Amino acid sequence: MSEEASPPHGPHGYSGDKAALLGRLRRIEGQIRGLQRMVDEDTYCIDVLTQISAAKSALQAVAVGLLEDHLAHCVVDAARSGDPSAKVKEASDAIARLIKS
């Protein structure tokens with residue numbers, strides 16, 4: 001990611017739950033490794049697709065949690081500072097990317 005796309009900020013809303021977030025991402029990483037193993041072992045295609053769907057759902061849950069944190073912290077802090085429009089735009093753009101995928 002470029003510096004322009006993600007300017008430096010203070011502590012992020014997810015900072016307090018960083019260990020839990022990292023744990024979830026590690027479990028998803030394990031799911032992906034499991035998918036690789038399934039393909040390597042010639043697992044039935046529908047079973048692989050089912051696991052892909054589960055991994056995708058897990059990533060979406062992480063994304064929604066991060067978005068909630070962004071709204072609750074970054075957007076709220078920007079609103080308290082006077083102009084939340086840039087943070088709201090970031091959130092809107094993130095939502096657009098999430099629903100596009």
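**Salt bridges in the predicted model.** The count comes to 4 salt bridges, where a salt bridge is a side-chain nitrogen of Lys or Arg within 4 Å of a carboxyl oxygen of Asp or Glu. The model is predicted, so local features need pLDDT of at least 70 and side-chain atom pairs count only at pLDDT 80 or more, while totals for chains, interfaces and linings use all residues. Residues are numbered from 1 along each chain as its sequence is written, and side-chain values use heavy atoms, with hydrogens and water left out.

**Close-up of Glu29 and Arg33 in helix H1.** These two residues form a salt bridge whose closest N and O atoms are 3.4 Å apart. Both lie in helix H1 (residues 18–40), separated by 4 residues, about one turn of the helix. Helices (H or I, at least four residues) are DSSP runs, numbered from the N terminus. Glu29 is partly exposed, with a relative accessible area of 43%, and Arg33 is also partly exposed, at 44%. Here buried means under 20% relative accessible area, exposed over 50%, and partly exposed in between (1.4 Å probe, protein chains only).

**Close-up of Lys87 and Glu90 in helix H3.** The closest N and O atoms of this salt bridge are 3.6 Å apart. Helix H3 (residues 85–100) holds both residues, 3 residues apart, about one turn of the helix. Lys87 is buried at 16% relative accessible area, whereas Glu90 is partly exposed at 30%.

**Close-up of Asp93 and Lys89 in helix H3.** Asp93 forms a salt bridge with Lys89, with 2.7 Å between the closest N and O atoms. Both residues lie in helix H3, 4 residues apart, about one turn of the helix. Asp93 is partly exposed, its relative accessible area being 30%.

Conventions
Helices (H or I, at least four residues) and strands (E, at least two) are DSSP runs, numbered from the N terminus.
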